[in-house]
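Here is a short tour for someone who likes to know the cut-offs behind each label. Please keep the structure open beside the text as you read.

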Amino acid sequence: MAESDNIVVETAEKIFADLADPQTINNDKKGSWQAPLWQALSEAGLPLSWVPDDLGGSGASLADGFALLNAAGRFAVAVPLAETMLAGWLLAQAKIASPEGEMTVLPASPKDRITLDADGALSGRARGVPFAKAAKHFAVLAHGKDGISIALVDASKGRIESGLNVGYDHSDTVTLDKVQPVTIKAAPKGLDQTTLMLMGGVARSLQIAGALEAMLDISVRYSNERVAFEKKISKFQAVQHNLARLAGESAAALAAATSAADASRTQSHSTTRSTSKPPRQRSAARKPRRKAAPSRIRCTAPSASPASTSCTAFRCGRWPGATISARRATGPSSSASWWQTAAPTNCGRSWLRADQRTRQQ
């Protein structure tokens, strides 16, 4: 999703390259690299990208924010950037200004629920909350007798039990016991916990797709540098097959994540229109929906240039509930191909094209 003409992504990549390079992180056992990185991100207004200007944010579009998350995944940034962006987005839905500093969202699982008492206090337990220990505030989606509300909570008011996920990032348990929020307002119509979970899933999937892109780049570069039996390992057919397979998985992840992001933007626009305009009367005779053609991804690594792996993915603009099936085509020894075929459902009219190419270094 990163484009050369996207100033938000260019700014983020420069900051990541200067302050979050692997050598700096690996050599700093105390984690002192995080403070300068977060300060630089905050000065650029990136953590509050999805917060409008009048609420203290940068006012960037959803597309810019999604591209920023993809770039963060490529650099494996272990700071609560995505969590703060999501928290700011949630608070902005209720016209609540976002404070400075790190934030995260409660709840983080569809099985957990925060309740709003009659006296305006919040209670409940949320498990697997990313970076709760590092957050200064929580953006909370609470359920009350009058419906769903969005609240801003001081993180020091909750009880936090530290935990780690498989990537050794904070995945904590937060307990709220009759905590009074800093600010609380009713959530707009159409926003519920499912919407929040889907938005968080899109953010995380874009980070995963970015990480896969970085893995592919590193693998291709290493295969051109590592020499075994007096030749580069990129010349071996087994390595070519594995690189082609990794390229296919990376392209499939990128296509699925960007399609989900496109669907989120479309849903956001439709929700805005529905709240600002009266509903339009639909005709009794509805036109049959056109069946969209399947999307296909092909990655090829020719033996003549094993490190040159090309992947092209055609995807539908709206891709909810798509299923991806994969099969490996064992062709002649001169090439190794990996096919991914996806059958999108409920596709819109707009078709997008995502290209990913890694060239020989």
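Let us begin with aromatic pairs: rings of Phe, Tyr and Trp (its six-membered ring) pair if their centres lie within 6.5 Å, and planes under 30 degrees apart count as stacked, over 60 as edge-to-face and the rest as tilted. By this rule there are two aromatic pairs. This is a predicted model, in which local features need pLDDT of at least 70 and side-chain atom pairs count only at pLDDT 80 or more, while totals for chains, interfaces and linings use all residues. Residues are numbered from 1 along each chain as its sequence is written, and side-chain values use heavy atoms, with hydrogens and water left out.

| Pair | Centre to centre | Angle between planes | Class |
|---|---|---|---|
| F16 and F75 | 5.5 Å | 50° | tilted |
| W50 and F66 | 5.3 Å | 75° | edge-to-face |

What does the pair of F16 and F75 tie together? F16 lies in helix α1 (residues 7-19) and F75 in the loop between α4 (62-74) and α5 (81-93), so parts that are 59 residues apart in sequence are tied together. Helices (H or I, at least four residues) and strands (E, at least two) are DSSP runs, numbered from the N terminus. F16 is buried at 0% relative accessibility, whereas F75 is partly exposed at 29%. Here buried means under 20% relative accessible area, exposed over 50%, and partly exposed in between (1.4 Å probe, protein chains only).

The other pair links W50, in the loop between α3 (34-43) and α4, with F66 in helix α4, 16 residues apart. W50 has a relative accessible area of 7% and is buried; F66 is buried too, at 0%.

Eleven of its 13 residues are buried, so α4 is largely enclosed by the rest of the structure. Among the buried ones are L62, G65, F66, N70 and R74. After α4 comes A76, with a positive phi near 50°.

In β8 (residues 183-186), which is joined to β5 by four bridges and runs antiparallel to it, K185 is the bridge partner of I150. β5 (residues 147-154) also pairs with β4 (residues 137-144) over eight bridges in the antiparallel sense. These two strands form a hairpin with two residues between them, and H137 stands opposite D154.

Taking contact as heavy atoms within 4.5 Å, and not counting residues up to four places away in sequence, S109 touches R127, Q193 and M197, and P110 touches Q193 and M197. The C-alpha atoms of P110 and Q193 are 7.0 Å apart, with 83 residues separating them along the chain.

How values were computed: Pairing = 2+ DSSP bridges.
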